[in-house]
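Trainee: Could we go through this fold slowly, setting each value beside the rule that gives it its name?
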Amino acid sequence: MKDLFGKAILDYQTQHKAAPIITETNISEADEMEVAYLFRKFDKMPDIEQQALKLAKGRILDVGCGAGSHSLYLKEKNHEVFPIDISENAVKACHMRGLGETKVMNILDVKDEKFDTIYLLMNGTGIFGKLKNCTTYLSHLKTLLNDNGQILIDSSDLIYMFEEDEDGGKWIPMENDYYGELQFIITYENEQEEPFDWLFLDYNTLQNACHANGLQCELLLEGDNYDYLARITL
């Protein structure tokens, strides 16, 4: 991986570059994301993120922290937070923003630790990649939770992106096991990242995956664009 997403974050942090990140998937056209959005303050965050952050408690793990905006807010509220991301560039930016405890780490490599709150935000199910990987991630996250701990995770149901047939049903191509499995492509400053798997999960599918792994799942909030916030507990 070229770590272009992280490079954009670091460029914005160090040089205030305004070049956008171009995102594209196998079911959607190219779209621009302003890097400044990743540096937003609490009052500019969507309702789902705000609600998730208000529910923070205890020792916190922020998975896929990106530019660290969620962790910064939590730290300002005197929470004990441990941000992680697989992007070395993003972690460097987090260090510059005052999050010196941020580590370059895959969630599956976090061992022998316990947390009261684990955050997976900005389509937190994305890191699962494929539907078949849900058990791998959920069973591992389960080992990281304290007895009264919680996982706060968001995603979206992409069913709205598919055309309806004459009977009102949805026409969904069958090349994937599940319609929320996407191939994601990132372009930044004329460089293109290798395509990678990214998973959007509808709430019922997430709930079923949780139950299959001995976890409880509760729908906390629904957004205006088929998005939602869920809480997963033991």
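Trainee: Why are helix H1 (residues 4-15) and helix H4 (residues 88-96) called roughly parallel to each other?

Mentor: H1 and H4 pack at an angle of about 30 degrees, with their axes 7 Å apart; angles run from 0 to 180 degrees between N-to-C directions, and axes are lines fitted to C-alpha atoms. Angles under 35 degrees count as roughly parallel, over 145 as roughly antiparallel, 65 to 115 as roughly perpendicular and the rest as oblique, and H1 and H4 are therefore roughly parallel. This is a predicted model, in which local features need pLDDT of at least 70 and side-chain atom pairs count only at pLDDT 80 or more. Residues are numbered from 1 along each chain, and hydrogens and water are left out of side-chain values.

Trainee: What makes residues of H1 and H4 count as meeting, and which are they?

Mentor: Contact means heavy atoms within 4.5 Å, and Gly-6, Lys-7, Ile-9, Leu-10, Gln-13 and Thr-14 in H1 meet Asn-89, Ala-90, Lys-92, Ala-93 and Met-96 in H4. The residues of this contact divide into five nonpolar, four polar and two charged, where Gly is counted among the polar ones.

Trainee: What makes E5 and E11 edge strands?

Mentor: The open sheet of seven strands has the order E5-E4-E3-E6-E7-E12-E11, with mixed pairing. Two strands pair if DSSP finds at least two bridges between them, and strand E5 (103-104) and strand E11 (216-222) each pair on one side only.

Trainee: How do you know that strand E6 (residues 115-120) pairs with strand E7 (residues 145-156)?

Mentor: Five bridges join E6 to E7, and these strands run parallel; the bridge partner of Phe-115 in E7 is Leu-145.

Conventions:
Helix = DSSP H or I, 4+ residues; strand = E, 2+ residues; numbered from the N terminus.
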